[in-house]
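Please go through the structure below with the paragraphs that follow it. They start with the sheet and then turn to helices and single side chains.

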Amino acid sequence: MTETLLLTPTEENLALAARALREGQLVGMPTETVYGLGANALDEDAVRAIFAAKGRPADNPLIVHVPDIASAEPLCCIDERSRRVMTHFCPGPLTVLLPKKPIIPQVVNAGLPSVAIRIPAHPIARRLLELSGVPVAAPSANTSGKPSPTTARHVYDDLAGKLTCIIDGGECQVGLESTVLDLTREVPTVLRPGGITPDMLLEVLDEVAVADSVLRPLQKGEKALSPGMLYKHYAPKGMLSLVSGSAEAVAGKIRRLYGEAAQLGKTVQVLAFQEHLNAYKGLNTKCIGSLAAPETVAHSLFATLRQADAEGIDVLYSEVLPAEGVGLAVMNRLSRAAGFRTIEADEE
Ligand code: TXA
Ligand code: MG
């Protein structure tokens with residue numbers, strides 16, 4: 001058990017965190033997507049400590065963070081197509097899978113032939129990476145299975161005592177984890193949708209596929225392209241169900257289900273879009289952003305799920321949005337948080 005320091009992002013504190021990384025310790029760092037739990041990717045013991053702190057299965061590989069393409073060169077093979085993608089989107093909320101070089105310890109990437117590389121855009125993450133001078137393996141800084149952390153406080157709530165320090169960079173701007181793009185395949189394939197959408201990727205690629213497990217559970221016997229997709233994810237403690245259909249039918253259905261659960265003595269909450277809040281007057285309702293701007297939903301989703309836990313909510317009903325653009329990433333996380341429980345409101 002270590003005492004975990006919550007640090008403001010001064011140059012002095014960043015130097016201290018950088019030293020901790022070089023010495024094999026764990027550091028919580030803000031990125032523009034979510035907070036990461038970082039360790040020196042070349043230090044096997046430090047990387048093992050990440051898995052232990054999160055309670056993460058060893059077969060779920062980590063993303064390696066570097067400040068620029070030049071720092072990625074010794075770690076992975078970057079062909080012309082990959083360089084084009086990276087030059088266009090990095091730094092930013094994109095992770096690319098590339099053939100790994102031997103310097104990456106197997107423990108980082110669960111023995112796979114590829115390694116995940118990300119160049120974050122967040123100035124604090126970038127400064128920390130520069131000061132540390134080592135590639136930093138970092139999964140989201142949550143306990144495995146819980147919603148990813150979008151504030152330093154979320155990291156502290158999950159992992160205090162298990163890491164040396166957390167750099168407080170305020171709220172993460174994107175709010176959902178990076179897009180994971182597999183560039184080792186003939187057709188580049190999105191394994192996890194995020195802030196960089198398939199349409200954006202098509203600006204520099206001729207073809208982009210989206211793994212079809214993005215919006216449904218894996219079938220029995222099906223192999224996950226990205227091991228992270230295997231696990232129950234992002235789930236609040238309460239029982240979350242998604243309700244889809246026309247806005248009016250959804251509101252009617254949710255009001256009815258809410259009443260039934262409340263009658264059983266449950267604490268209930270509705271997750272609704274700003275445009276529809278009027279339809280839930282009198283119910284315990286949380287605004288999850290604007291239907292017209294899915295990035296606002298991405299920004300607040302994980303914090304909302306964590307807040308529901310803090311408030312002791314037993315049952316949650318959420319509206320859904322079209323799985324397009326950033327909405328694809330939102331629906332990927334929301335579906336998993338709900339264990340793929342979806343209720344069709346129009347079917348009555
Ligand atoms: O935005 C993000 O990506 C955040 C910040 C901290 O950078 N990190 C993050 O890491 O979300 P994590 O570990 O929570 O998610 C990494 C995902 C997992 O689904 C993992 O299975 C997949 O990337 N992944 C990593 N390396 C892989 C590989 N070599 N092959 C296939 N999937 C891989
Ligand atoms: Mg994660």
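In this predicted model, 11 strands make up an open sheet of mixed pairing, with the order S1-S8-S2-S3-S7-S4-S6-S5-S9-S10-S11. Strand S1 (5-7) and strand S11 (209-210) are the edge strands, each pairing on one side only.

Within this order, strand S5 (residues 94-99) has strand S6 (residues 114-118) as an antiparallel partner, joined to S5 by 5 bridges. Leu98 is found opposite Val115 of S6. S5 also pairs with S9, here in the parallel sense and over 4 bridges. Leu97 has Asp182 in S9 as its bridge partner.

Strand S9 (residues 179-182) is in turn joined to strand S10 (residues 189-192) by 3 bridges, and the two run antiparallel. S9 and S10 form a hairpin, with 6 residues between them. Asp182 is the residue that stands opposite Thr189 in S10.

In a regular strand, side chains alternate between the two faces of the sheet. In S9, Thr179 and Leu181 point one way, while Val180 and Asp182 point the other way; all are buried.

Helix H2 (residues 44-54) lies across strand S3 (36-40) and strand S7 (136-137), and runs at about 155° to S3. Helix H6 (residues 123-132) packs on the sheet, where it touches strand S2 (27-29), strand S4 (63-65), S7 and strand S8 (165-167). The direction of H6 makes about 145° with that of S2.

Next come the aromatic rings. A pair of aromatic rings is described by the distance of the centres and the angle of the planes. The count comes to 1 aromatic pair. Its rings belong to Tyr234 and Phe302, with centres 5.3 Å apart and planes at 20°; the pair is stacked because planes under 30 degrees apart count as such. Tyr234 lies in the loop between S11 and strand S12 (239-244), and Phe302 in helix H10 (residues 294-310), so the pair ties together parts that are 68 residues apart in sequence. Tyr234 counts as buried, at 4% relative accessibility. Phe302 is buried too, with a relative accessible area of 0%.

The last stop is a histidine, His154, in helix H7 (residues 152-159). Is His154 buried or exposed? His154 counts as buried because its relative accessibility is 10%, and the cut-off for buried is under 20%. Its side chain reaches the backbone nitrogen of Thr150 at 3.0 Å. Leaving aside residues up to four places away in sequence, His154 touches Pro149, Ala303 and Arg306.

Notes: Residues are numbered from 1 along each chain as its sequence is written. Chains are lettered from A and ligands numbered from 1 in the order in which they are written. This is a predicted model: local features need pLDDT of at least 70, side-chain atom pairs count only at pLDDT 80 or more; totals for chains, interfaces and linings use all residues. Side-chain values use heavy atoms; hydrogens and water are left out. Buried means under 20% relative accessible area, exposed over 50%, partly exposed in between (1.4 Å probe, protein chains only). A polar contact is a pair of N or O atoms within 3.5 Å; within protein, one must be able to donate a hydrogen and the other to accept it, and residues adjacent in sequence count only if both atoms are side-chain atoms. Contact means heavy atoms within 4.5 Å. Two strands pair if DSSP finds at least two bridges between them. Axes are lines fitted to C-alpha atoms, for helices over the stretch in contact, and angles run from 0 to 180 degrees between N-to-C directions. Rings of Phe, Tyr and Trp (its six-membered ring) pair if their centres lie within 6.5 Å; planes under 30 degrees apart count as stacked, over 60 as edge-to-face and the rest as tilted.
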